[in-house]
Amino acid sequence: MKNDLIISFIKECFNTSNFIGLHEPRFIGNEKKYLNDAIDSTFVSSVGAYVEKFEIMMAKLTKTQKAIAVVNGTSALQVALRLCGVQNGDEVLTQALTFIATINAIIYNGASPVFLDVDLDTMGLSPKSVESFLEEFGELRDGVCFNKKTNKKIAACMPMHTFGFPVHLDELITVCKKWNIPVVEDAAESIGSEYKGTPTGSFGQLGVFSFNGNKIVTSGGGGVIVTNDIELGIQAKHLTTTAKVPHPYEYIHDQIGYNFRMPNLNAALACAQLEQLNLFIENKRNLANQYKAFFNSIGVKFRTETKDTKANYWLMCVELENKKERDNFLKETNENKVMTRPIWQLNFKSSLYSNFQKDAQLNAIYLEERIVNIPSSTRI
Ligand SMILES: Cc1ncc(COP(=O)(O)O)c(C=O)c1O
């Protein structure tokens, strides 16, 4: 009965009886103009004016010193981890409740994830879990943090701002500072979200955003690394552009770099989309308010931003009573052309990633059984 009401309400919100996706892109600004311009310029590939323009826009938006555009968020994470010192055999503290790319990026560097629990309110890495883990297993040796159990260096901590809801950043940064652990924010989902008025992605040594087609603004495929450390920013650009030493015509490379640069064509799309970010977020926050009033009225928990934060409401979600209710909801909504998706399977449950150290994961398991994403697109 409740599910019927929810399905009708979502259809009403999107004013359609056709299929409603989870998050669809909207192209209502300068997209075609900038794309045509990029084509006319013949600079469609790895260099061009839009790449620089986009990087300047992203640095301004995130209030950081440098932004580097790359091919996708996953490669941005991979490079960000490497730049903050993650090497073969190291460990990275992170959450199991995340999209698999967070974990893949750790593995690409030859490092191991340590899965720590999330907070129930933010659904992102819990500073308390990090602190308890470090109290039990951490050891500072000449100022470098090691895991006493595995004898491996804990080279980074990577929180993820789930669905655009910022983690408790002050507490997390404090505990990581105490243990000398650099922070890389996986802000792939949280463009435009703020913690105490400051943009997510700008708190760690490095932050990473995704511009995949399912995000609020998209470049088709794309990612950005941001940092306040200018030297790290220069290295990020160098490493992601094949580590070529600047020279008018010689090919000299001083590291094994990556060809991760964002093509100008994608950057043109990204610039046009970024111009509309604030509009899209305001539009989504209106939808969130409508959802909040409706779900409150029928006694279903709709997830809202936590204290001290402003969320971008990338993917909106409800928290159902239990797994059985969740499964029914998923089935009935999808059968009725309203797309819904469960939150991710905890990464340690995948046979790929079952052998890494983890804590009790009580909150992550609770959320995994109950959280479902509902249609969240910007409405035009
Ligand atoms: C949490 C998280 N991390 C990383 C990524 C990877 O970004 P991309 O798809 O651009 O590689 C995504 C999304 O796609 C994500 O949601």
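Guide: Ala, Val, Leu, Ile, Met, Phe, Trp, Tyr, Cys and Pro count as nonpolar, Asp, Glu, Lys and Arg as charged, and the others, Gly among them, as polar. This is a predicted model, in which local features need pLDDT of at least 70 and side-chain atom pairs count only at pLDDT 80 or more, while totals for chains, interfaces and linings use all residues. Residues are numbered from 1 along each chain as its sequence is written, and side-chain values use heavy atoms, with hydrogens and water left out.

Visitor: How many residues surround the ligand, and which are the closest?

Guide: A residue is near a molecule if one of its heavy atoms lies within 4 Å of it. Here 16 residues surround the ligand, the closest being G73, T74, D186, E189 and S210, and the shell divides into 5 nonpolar, 8 polar and 3 charged residues.

Visitor: Which polar side-chain atom lies 2.6 Å from an oxygen atom of the ligand?

Guide: A polar contact is a pair of N or O atoms within 3.5 Å. That side-chain atom belongs to E189, whereas a polar side-chain atom of D186 lies 2.8 Å from a nitrogen atom of the ligand, and a polar backbone atom of G73 is 2.7 Å from a ligand oxygen.

Visitor: Which helix gives the most to the shell around the ligand?

Guide: Helices are DSSP runs (H or I, at least four residues), numbered from the N terminus. The helix α4 gives the most, with 3 residues, and both α4 (73-83) and α5 (100-108) supply at least two residues each.

Key: A polar contact is a pair of N or O atoms within 3.5 Å; within protein, one must be able to donate a hydrogen and the other to accept it, and residues adjacent in sequence count only if both atoms are side-chain atoms.
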